[in-house]
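Thanks for making time this morning. I would like to walk through one structure, chain by chain, and then turn to where the chains meet.

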Amino acid sequence: MLSTLSDLTLMAPELWLAAMACVVLVADVYAGGGRGTVAYLLAQLALLGGMWLLLADAVPAPEALFGGAFLRDPLADVLKAAVLVLTVAVFAYARGYLQGRGLDRGEYYVLGLFGVLGMMVLISAGNLLTLYLGLELLALSLYAMVALHRDSLEASEAAMKYFVLGALASGMMLYGISLLYGVTGSLALDVVARAAAADASDPVMLLALAFVIVGVAFKLGAVPFHMWIPDVYHGAPAAVALYVGAAPKIAGFALAMRLLVEGLGGLQAEWADMLVVLAVLSIAIGNVVAIAQTNIKRMLGYSTISHIGFLLLGLIAGTRDGYGAAMFYALTYALMAAGAFGVVAIMSRRSEAELLDDYRGLNARNPWLAFMMLILMFSMAGVPPTVGFYAKLTVLKAVIDVGALWLAVVAVAFSIVGAFYYLRVVKLMYFDEPPEEAAVRAGLQAGTVLSANGLAVLGLGLLPGALLALCLQVVG
Amino acid sequence: MALTFQQFLFYAFAAVLVGAALGVITARNPVHSVLYLVLAFFTSAALWLLMEAEFLALTLVLVYVGAVMVLFLFVVMMLDIDLAALRAGFTRYLPLGLVVAALIVWEMASVLGPARFGPGRVAAPAPHGAGYSNTKALGETLYTQHLYAFEVAALILLVAIVAAIALTLRRRPDTRRQDPARQVRVRRRDRVRLVRMAPERRPAPAASEPGGRTGTEEA
Amino acid sequence: MIETIQSLWAAVPEPVQIPVLIVVKILVIVLPLMGAVAYLTFAERKIIGYIQVRIGPNRVGPRGWLQPIADAVKLLTKEIVLPANASRFLFLIAPVLAIGPALAAWAVVPFDEGLLLADIDAALLYVLALTSLAVYGIIIAGWASNSKYALLGAMRSAAQMVAYEIAMGFALVGVLMVGDSLNLREIVLRQAGSPLHWFVWPLLPLFVVYFVSGVAETNRAPFDVAEGESEIVAGFHVEYSGIAFGVFFLAEYANMILISTLASLMFLGGWLSPFEGWAPESWFAVPVLGTLLASGIHWLLAKTAFFLFCFLWFRATFPRYRYDQIMRLGWKVFLPLTIVWLFVEGLAQYFRIGPWFA
């Protein structure tokens with residue numbers, strides 16, 4: 001129960017973001033001429049301010065508000081900080097693209113901020129109700145953002161598919177949640193956890209678990225609930241695909257963490273079995289189908305699916321090391337995805353650069369951009385000095401530690417298959433003739449952020465210890 | 001056992017509700033379907049009233065029957081729905097639909113069955129006194145315990161509004177519209193220009209036309 | 001005589017007594033209401049006549065006083081025409097759906113302290129819920145008629161109702177906040193003291209919004225685009241004739257009276273006398289005049305009559321709004337206005353600004 005107003009300082013970042021989103025909304029209406037600029041600057045201010053509020057009083061131990069509906073623990077703090085940082089980068093990449101498309105209106109930033117808020121609510125959820133509300137706030141913002149480019153048929157189609165499938169998945173999840181509520185008599189995650197641990201063989205509980213898993217798998221995009229990912233990434237404007245591809249993966253991890261690990265930890269053996277199927281299928285289908293793609297956004301979509309498979313492997317391990325590895329994977333993958341889509345957004349400023357062929361000879365047109373893309377592709381493929389290698393390594397180690405060697409073997413085998421299409425991009429950039437000679441300019445802002453992003457991928461690969469230790473510490 | 005008046009009402013409303021719900025999916029005309037749905041909402045509101053949940057009952061009527069379904073009806077009436085095409089797959093998908101329905105019924109029954117929600121497990125709520133206000137009680141929990149969820153739900157609605165407007169509002173440059181504020185602000189000098197000019201004489205040939213035009217026309 | 005009736009009544013079994021009593025009470029409310037509706041139409045024609053410097057109806061009975069009765073007889077004896085390809089059941093049930101909520105809402109209206117059919121706690125919500133149902137009669141009539149004009153009228157009406165219902169609901173939230181109750185009787189009693197205690201003063205903007213929305217909800221001029229004789233002939237009831245048309249007519253006027261009564265109950269102190277609180281006690285002791293000056297049902301009727309006069313006055317004075325202007329007024333003026341005023345009210349409540357929020 002809320003005792004005093006000062007307790008609300010725990011949720012200061014959320015309150016600040018909600019208020020700022022409304023400010024952006026109103027300021028955008030009255031800003032007149034240079035419309036996008038005001039909204040953009042205010043949105044970045046909102047994110048940075050939220051960041052500052054978050055870090056100013058990071059909590060050492062879990063604290064709850066509203067009878068446990070809002071949970072603030074170190075895990076939440078780290079995930080929220082990552083979401084905020086990534087979104088700052090995403091907005092910076094997106095700006096130039098939006099300007100070139102006449103989409104540079106406040107709505108992108110407003111919906112983006114509300115999406116971030118949804119992710120933060122989700123990350124901090126202490127009961128099933130707020131978990132679902134956060135998820136919906138995020139999803140609704142994403143549907144609208146995908147459809148934002150109204151004149152594009154592809155975007156409308158993608159938004160429609162995303163919306164219909166997403167609503168279906170939400171319904172499934174809600175049905176599972178209602179069954180859980182029926183069985184346990186409570187929406188609070190800790191009560192559900194106790195009931196799940198006490199009565200793990202209850203068939204209705206397992207049924208509820210199945211529905212919940214469908215919901216989680218859809219939101220993450222694991223096979224066989226992956227159909228929306230390639231279509232949405234392909235159809236949405238690059239700036240939106242960038243947004244959808246980066247931070248929401250962290251939210252997806254938080255969803256799995258809160259719901260499966262904290263809420264249904266007692267059923268770990270059961271859900272791990274289900275996730276094994278999803279993970280293996282995701283890694284296999286994602287990597288194999290990506291090879292056949294000629295569109296880079298679609299290719300990155302299938303690549304996402306395969307990475308989600310890896311993330312699930314960490315959860316399957318079911319140990320503290322496994323969860324920490326999964327978290328590390330989620331954070332670093334979101335970083336790589338933001339960078340890769342950032343390059344796509346920068347390339348697509350003047351005209352859509354969606355096809356792999358558009359990246360031919362990028363080295364000649366902008367060597368630094370090509371080098372950043374090289375790092376990102378290497379990292380996604382899991383080539384040693386980059387963080388992608390280390391992330392895969394920790395996940396595999398956690399899986400082997402619990403004795404599931406065959407899973408690790410399958411994962412490695414398909415990663416090697418997957419390396420092909422990442423390296424193909426590198427080959428196109430460095431060894432093919434450019435289709436046109438005109439230099440590609442990234443601009444100061446996006447260029448700086450991209451450099452930081454790419455170098456972070458490299459730097460974290462060289463010195464992963466601190467972040468990994470942090471991940472292990474907060475999931476414990 | 002003789003039915004009490006309340007039980008009689010319950011079964012009467014329940015029968016109407018089930019009938020209306022069946023009507024929603026079997027009616028041949030979508031407008032009739034929507035009207036059946038309205039009836040279903042209304043009857044469920046009556047059932048809630050029987051359970052002393054007057055706030056929820058009235059809000060259901062107010063929000064769903066009075067506003068949401070009106071808009072629904074509005075849209076359905078405007079649509080030109082091809083009934084034959086809608087009904088085409090009905091028999092083909094009926095078996096699958098029945099299986100899914102049976103599954104859902106089984107699931108609901110196993111969760112809500114007597115083993116979990118029977119009279120033994122959950123005590124009957126005590127009847128409230130005359131002074132008990134359902135509205136107040138709901139308000140109190142909603143604005144204290146569930147304030148957070150309530151506010152997040154409000155934000156979701158805000159996003160829905162923003163999305164709906166962002167996706168549909170188009171400023172067409174070629175539409176003509178009135179701005180009453182500008183109309184009111186208009187002053188005489190914006191519309192009429194008084195020109196001072198010397199009087200002119202009619203040119204000589206025109207003067208021969210009797211009762212002809214005056215020279216002011218050129219001014 | 002009275003004793004025989006009493007003994008007869010006592011012989012009736014108890015389960016029958018209660019419904020019979022309720023039916024009698026309903027009749028006691030509805031029959032005068034019907035009379036009021038009939039003479040409201042007469043008043044309308046007379047008042048608008050005088051405003052337009054005419055005499056108005058003056059042939060049937062002394063000075064035209066029997067005109068409404070003649071109208072009723074005429075409507076009752078005319079044929080009800082069913083249009084070809086109309087949805088027969090819906091066509092016939094639409095007038096019933098229009099008048100049903102208009103009459104049912106009267107169940108919770110208190111006429112005087114203790115003089116009401118049902119003293120329920122959520123009366124305000126009940127009234128709001130029932131008035132929101134009135135639109136179904138219009139929409140169904142418009143659709144079932146199988147006529148372009150009727151459908152257009154129904155569409156306009158539906159959009160208009162939804163737009164104004166929200167503002168109206170918010171205005172009622174304001175009443176709820178200062179009245180601290182959903183019970184209409186308690187809301188009136190909260191305004192006791194003096195005319196200064198009436199809610200119209202702290203809620204002046206909400207009062208205006210409520211009354212104007214009420215005019216719009218009843219589809220009266222200047223918001224009568226759902227009928228719009230000059231554009232869509234008569235809108236939703238263009239195909240109706242005879243008593244079916246008469247029922248729509250009844251519903252519209254019954255709704256007008258309802259809105260006026262609710263406005264007087266919620267904003268002008270209902271049956272409370274305006275002399276209360278400042279007039280010396282000796283005034284109320286005067287034999288007949290004292291009763292008239294004291295609170296009572298006659299004050300409620302007088303206030304209601306004033307609002308009804310406003311309805312007629314508006315109709316005689318204002319030109320019809322254009323459709324988009326109606327929408328703009330509802331969504332872009334009234335809605336923000338009510339929300340801002342609720343905020344102001346919240347502040348007033350927090351700082352306990354008397355005499356209303358003390």
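This is a predicted model: local features need pLDDT of at least 70, side-chain atom pairs count only at pLDDT 80 or more; totals for chains, interfaces and linings use all residues.

**Chains, cores and contacts**

Let me begin with chain A, which has 20 helices and two strands, where helices (H or I, at least four residues) and strands (E, at least two) are DSSP runs, numbered from the N terminus. Residues are numbered from 1 along each chain as its sequence is written, and chains are lettered from A and ligands numbered from 1 in the order in which they are written.

The C-alpha trace of chain A spans about 65 × 55 × 40 Å along its principal axes. For 476 residues, a compact globule would have a radius of gyration near 23 Å, and chain A, with 21 Å, agrees with that; the radius is taken over C-alpha atoms, and the globule rule is 2.2 Å times the number of residues to the power 0.38. Of the 476 residues in chain A, 59% are buried, meaning that 20 or more other C-beta atoms, placed from the backbone, lie within 10 Å of the residue's own. If we take contacts in chain A between residues at least 6 apart in sequence, 79% of them join residues at least 24 apart, a contact being two residues whose C-beta atoms, placed from the backbone, lie within 7 Å.

Now to chain C, whose secondary structure comes to 14 helices and zero strands. Its C-alpha trace spans about 65 × 60 × 50 Å along the principal axes, and 42% of its 358 residues are buried. A compact globule of 358 residues would have a radius of gyration near 21 Å, with which the 22 Å of chain C agrees.

How far apart are the end C-alpha atoms of helix 6 of chain C? This helix, residues 148-179, has 32 residues and at 1.5 Å a residue should span 46 Å, and its end C-alpha atoms are 45 Å apart, which agrees; the expected span is 1.5 Å times one less than the number of residues. Helix 6 of chain C is mostly covered, with 24 of its 32 residues buried, and after it comes D180(C), whose phi is positive, near 60 degrees.

Turning to the cores, the largest nonpolar core has 213 residues, and those with the most contacts inside it are L113(A), V146(A), L242(A) and A334(A). Such a core is a set of buried Ala, Val, Leu, Ile, Met, Phe, Trp, Tyr and Cys residues joined through C-beta atoms within 7 Å. Helix 14 of chain A, residues 320-347, gives the most to this core, with 21 residues. Leaving aside neighbours within four places in sequence, A334(A) is in contact with residues including A82(A), L86(A) and I250(A).

Finally, the contacts made by chain B. The one with chain A takes 20 residues from chain B and 31 residues from chain A, and helix 8 of chain B gives the most to chain B's side, with 13 residues. The contact with chain C takes 16 residues from chain B and 18 residues from chain C, and here helix 3 of chain B, residues 54-78, gives the most to chain B's side, with 13 residues.

Notes
A residue is buried if 20 or more other C-beta atoms lie within 10 Å of its own, exposed if 12 or fewer, and partly exposed in between; C-beta atoms are placed from the backbone.
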